[in-house]
Structures are given as structure tokens and as C-alpha cells.
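Let's take a walk through this structure together, one piece at a time.

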Amino acid sequence: MLNRMLCAAALLCCAQAAVAEVAVSIGHLRVAQPLPPTLSNLDPVPGDLGLAGALTGLSDNATTGRFLGHSYALSDRDVPEGDDPLSAARTMLAEHRFLLLDAAPEVQLAIADLPEAEGALLFNISEGAGHLRDAECRANLLHTLPSDAMRTDALAQVLVQKRWTDLALITGTHPDDIAYADAMRRSLSKFGLKLRKEKTWAFDADMRRNASQEVPLFTQDLGDYDALIVADELHDFGRYVLYNTWVARPVIGSEGLSPVGWSPVIEQWGAAQLQSRFAEAHARDMAPEDYAAWAALRTIGEAVTRTGSADPAELRAYILSEAFELAGFKGRPLSYRRWNGQLRQPIAVVHPRALVAQAPLDGFLHRVNELDTIGLDEPESKCEAFR
Amino acid sequence: MKTMTALVTILTLAAVPALADEIWVTNEKDDTVSVIDIETLEVIKTYPTGERPRGITFSKDFSHLYICASDSDAVQVMDPETGEILHDLPSGEDPEQFVLHPDDVHLYIANEDDAITTVVDTRSRKVVAQIDVGVEPEGMAVSPDGKIAITTSETTNMAHWIDTETQQLFANTLVDSRPRHAEFIKDGAEMWVSSEIGGTITVFDTATQTEKAKIAFEVKGVHPDRVQPVGFEFTAGDSHAYVALGPSNHVAVVNADTYEVEDYILVGRRVWHMEFNRDRSRLFTTNGVSGDVTVIDVANREAIKSIKVGRFPWGAAFRPTE
């Protein structure tokens, strides 16, 4: 993949010779996070999650760049558990003024606060945590992965449209599950939906053997509801809840009908091209984390193409301006929220075999941009760093 | 004698429909082409094609139909009299859209997955040249004098200008996001490119390859993000452009001299490409999501009929039958 890209760059030759040379050097830093065991081994996490998307974005940028005399380079670094992420970040920042971060929220904030990160442009490609876009936002940290709130708001819009107004919730014990459940509760109240009952999943049985016995009992006292929300961001137990509930109701949230930043089932809006380009290069489907990394690379590429500059401050100003728009295969132009640096984007609501809806749904109106009906809107934002 | 008259009448009746001109439409998700009779405005035939047919065009004498069968990685050549696939042309991978050079021999094909424009000789059935262009090439055009070919690339956001003599790029010009379609007009003096996500049409001066005008669209009651120009065609004398605006479900009428938008016409859902009849009094638009073709009366600028075709109609081509 990389080799092919470099070959292409070497051939740049042909078209337009004398244009300003611009070289853009981008880093991808992954700080390993502990991954708890899950009940099923059906879905291993790919070793190049995120990075593969960045490579596809790099290749897209390079193809465009060769017509303009712009070149792009990407180097990546993995920090194993227990090593010091900040020293790795310092080294990366010494060479790259653009850095993609695949790291826990607190690590991302610490990196953004490094003196070396001042004036650099960082992209959060791995974390949906709300506080990174709110009170704890950083002026040099943009977010291409949708926030948890964007995803749960998207699901809530579908619930409103379907009039599934009475909900029940099962939450896992991992902090990501709890954060997702928090975002979900906020979305339900934002869109006037009712959470009838909730329970915590704290089993230690192996559900592959006895889900059909345990889950009906576990869900029996939830009473009646229109849909059952599962907050299981690690995909530990959720898959065993489907078709095993006491009452016959759809399962939504982390499993079943699920709001996602990207999915292999998205094929409209030209997405089939991106999916096939990605699959050909990396021999697997494109995940939301890959899309977020791709979008970060393409954001940099689009800004460089339009401004002819590689200066992070100039690019940041352009990226946050009205003029910036990114064609992201989601049916409308993507742009950044000027108050917190979040990439504004439609959210797909999918099941594993097809796209069901794409939020914002028709009828959810906004005085500025319908895309801002999902996620944290400007008036409620406590982010000061972008003002 | 009476029998004779009756027979003649029958023959005449039978002959009339066969003489009506036709619009041929590719159905991307049905792997078929639908043939619409322009007089009756009905689908009279449906022929099977290769996988995911998109671009469609006739040879200059209308004796051959070329179809981009994208997922079959081939350009198919069909006999329009019988619907029989005569042979495939080598096309490079994933051919999406193409244009036939005025010489009636060379097809310029956009290979969407490969960032390449392939030039094929339709007589020798050989690839003559492959030209590296931007990511996801789609829109294709050739100047009336045949000297310049254009490829637009959707993710690179450029119009690539190809010298057809050397088959080399001689200019690359940026346009707004996701360029989809290109056309030369006014005897090649201007070249227009639509940008789907940018929501604009850029008008280039061909001689200098510089931007001369930019046309924006605004459909009442539709969010600007959903006003997405895709295919467009020009009325007789290049006086007006009819522009498909994708998911806004409207076609815009643009004055090609003042670059002002004069009208918007409501059509089917996700309007994509279009084709005129012989005297350009009627326009046929392909509406992908609603799976139909809208017929527009050009003089009155109004939609007069929807014709159900296959799933996801994509391209359209006109065929005279006399």
C-alpha cells in the first residue's frame, strides 16, 4: 500500500510542473489501551484499526497532491501499555505538526497540553467522550470521530420517527458502557422519550451456552417497552440479548439497530467507491475508527489543496471557516463546528446487513444547520478554547 | 379491394410505433436497459446487460450502443435492433462514465476505482492509452473539435484536461467538491463542470482553462446541503442548461448566457442524468431513488409524466429510428 503510494508520488512528473512545492508530514500515534476480555471471540479487533483509514486517506491526498506539487507523508508509532505516551508524543511533535491521536481521553488532553503541541493540529480519531468536546476542549484538538452524543441523538431521532417512545436500558460495567448510557439518557430527555426502566449487566456466566435461559429471566422485570437499549460498547454481552428478551421487542444501541460513524453497509452517496478502495488495500471492511482517521487525513488534504499552505495555523483557520467543506461519502458536505472542533457529519443508523436511516432525519430542523440537531449544540457548549 | 385497404391500414398502424424515436436508460441496480418510446411515453423493451450498467451512449450512426457495465469491468456493445450484446470492449476496471470522441472511434472511459482514464479504440477493440487522473474519475467530455478530453475526479476535486493527440494531461483545474459531470458548449468555447457536494457549476473558458463563472442553486424549502448538481444538458442553440439537482428532486433551468437560474422544476427522487428528444422539446430525466423517468415539456418548463423503469435508473441516451 505505502509502496504503491510512494511509487505514485515518484511518478508525479507528467501534469503540471511548476507549482509551489508543499510537503505535509503527518503522524499517527496510538497509545495502547487495556482491552478487557469479551464473551465471544467472533469479532477480533484489527491490528491496524484507524491506521488503515489514515493510509487510504494518505493515498487519496497523494493522488490529488501530485497535480499540485503537494506531497504527504505519514509515519505511525505504537506506544505499548505501560510506556510513557508523552515522551513518544514529544518525539512525534518534533517532526510532525499534524498528529492523529488514538489514545484514551486523558492521554489526548495531556498531549494537547504539551508545550510541543502548541501551534500543532491534533485530531482525535478514537474517542467519543463528551467532555473532550465540552468543558475540557482544547483549541489544537479537532475530533473526526463522532461524539457519543451525536450517535445517541441519531438513534433518538429514529425512535421519535418510529414512535418508539417507551424505552428500557441495560448497561454494562465498563466505563465506555456507562458513558454511552449517560449519553443515551441525555438524548432520550432531549427528544422527549421515556426511559421506563434500566438494569446493569453484571453477569459472569458464559452466555454462549445459556443465553436462552438467562436473558429472558433477566429482562422479564423490565416490564413492557417499545425497544430495549443495550449499552455495551465493548460488544461483550449485547449480542446475546437479541431474540432472547422476555417480550418480543427490538434491541437497539450498541447492538441490533445501532448508530455509527461508519459501517460496511453504507453504499449510497458514492460510498461504495471508498469501501472498495479500502477493502482492496487492507483486506477487511472499513470500521468507524478507520473512517475517522480517513476523514482527518482528508481534512488536512482538502485544506492544503485549497490554501496551498502547510502551515498548521493557516490550515486550522481554513478548516474552521465557512469555506471549508469535505466530501465524506455521507450525502452532504462535512464541516467543523466552530465552537468545539467536532466534525459535523450525518450518523448512519444501521443493522449488520443494511442501512436503516441516516440522521439528521427529515423534520428535525435547526436554525443554522440540520446536522447540529445531533450532538452538542453551540448554546449548550461549555467549550471556551475555540471562542 | 376492401381487404387490401384493411391490410394497408393494419400495416401502417403497425409501422408507426416502430418509427418513433427512443430514449434508452440504464438501470444500475437491475442490470438492464429500458427503452422508452418517445411518442407513447411507455417502456417498450427491456434488455439485460452486464452488472451495474451506468454510462450509456450510441455510435454516431446509432448502429451500436455502448454501455459501461461497471461491475463487469467492461464496456458492452449492444445491437440496438435486437438487444443482443455483440461483444465487450476492454475498459479498465470499474468503468463508470465515458464519452465518444467525434471521430466515432475512440471512447474515453473513466475508471472510477483506479484513478485512470482509459482510451479504447472501438474498431480494433484495443486500449490505446491509460492516463493517470485524480481519485474517482467520473465526468467525461470531449470538445467538439475533438482536441480536448476532460475527466473530472470526484475526490480530487479537479477537471483534468487531456490533449487527445498526445493523450497527456496539459492542465488540472480545481473545482468545488465532488465534480460529477462535464460538457463543452458554444462550439467548445466554454466547458462546464458540476460539483455535487459543492452545490455549484463552474464555467471554464476553454482557451485559458480559467474559471469564468460559478453558478449556485437555491431550491425553496430544501436545505442547501441537499441541492446537489449532477448531470446537465443544453437546449437547442446552447441557450439554456437543464441541471439535475440530485436529492433536492428538482431540475434547474439556467440561462447559459447570463448564468442565472431562471426556474426549478420538480421531478422524481434523486434526479441524476438526462437526455433530450430530437428537437429538444422534451427532456427525460433519470430519477435514481424513485426508479422512474420524468418527462419535461421544455417550452412550458413543466413535468408532464413519470415513466416507471428499472431500479436506480442512471444514464440516458437518445436514438432516432428513422
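Helix α4 (residues 105-112) of chain A is largely enclosed by the rest of the structure, because six of its eight residues are buried. Buried here means under 20% relative accessible area, while exposed means over 50% and partly exposed lies in between, with a 1.4 Å probe and protein chains only. Helices are DSSP runs of H or I with at least four residues, strands are runs of E with at least two, and both are numbered from the N terminus. The buried residues of α4(A) are A:P105, A:V107, A:Q108, A:L109, A:I111 and A:A112. What covers them? The cover includes β1 (22-31), α3 (85-95), β3 (98-102), β4 (121-124) and β5 (141-143) of chain A.

Before going on, a word on where this comes from. This is a predicted model, in which local features need pLDDT of at least 70 and side-chain atom pairs count only at pLDDT 80 or more, while totals for chains, interfaces and linings use all residues. Residues are numbered from 1 along each chain as its sequence is written, chains are lettered from A and ligands numbered from 1 in the order in which they are written, and side-chain values use heavy atoms, leaving out hydrogens and water.

Now step back to see chain A as a whole. Its secondary structure comes to 10 helices and 15 strands. The radius of gyration of chain A, taken over C-alpha atoms, is 21 Å, close to the 21 Å that the globule rule gives for 387 residues, so chain A is as compact as a globular protein of that length. That rule is 2.2 Å times the number of residues to the power 0.38. Along its principal axes, the C-alpha trace of chain A spans about 70 × 45 × 40 Å. Buried residues make up 58% of the 387 residues in this chain.

Next, look at how helices pack. Two packed helices are described by the angle between their axes and the distance between the axes. Helix α5 (residues 148-162) and helix α6 (residues 175-190) of chain A pack at an angle of about 45°, with axes 8 Å apart. That makes α5(A) oblique to α6(A): angles under 35 degrees count as roughly parallel, over 145 as roughly antiparallel, 65 to 115 as roughly perpendicular and the rest as oblique. The residues of this contact divide into nine nonpolar, two polar and five charged.

Compare α2(A) and helix α8 (residues 271-282) of chain A, whose axes come within 10 Å and cross at roughly 115°. These two helices are therefore roughly perpendicular to each other. Here A:A52, A:G53, A:L55, A:T56 and A:D60 in α2(A) meet A:L274, A:R277, A:F278 and A:H282 in α8(A).

Finally, zoom in on single residues. A:T299 is found in helix α9 (residues 288-307) of chain A, and counts as buried because its relative accessibility is 0%. Not counting residues up to four places away in sequence, A:T299 touches A:F123, A:I319, A:F324, A:L326 and A:Y336, where contact means heavy atoms within 4.5 Å. In chain B, B:E196 has its place in the loop between β17 (190-195) and β18 (200-205). Is B:E196 buried or exposed? At 3% relative accessibility, B:E196 counts as buried.

Key: Axes fitted to C-alpha atoms, helices over the stretch in contact; angles between N-to-C directions. Nonpolar A, V, L, I, M, F, W, Y, C, P; charged D, E, K, R; others polar.
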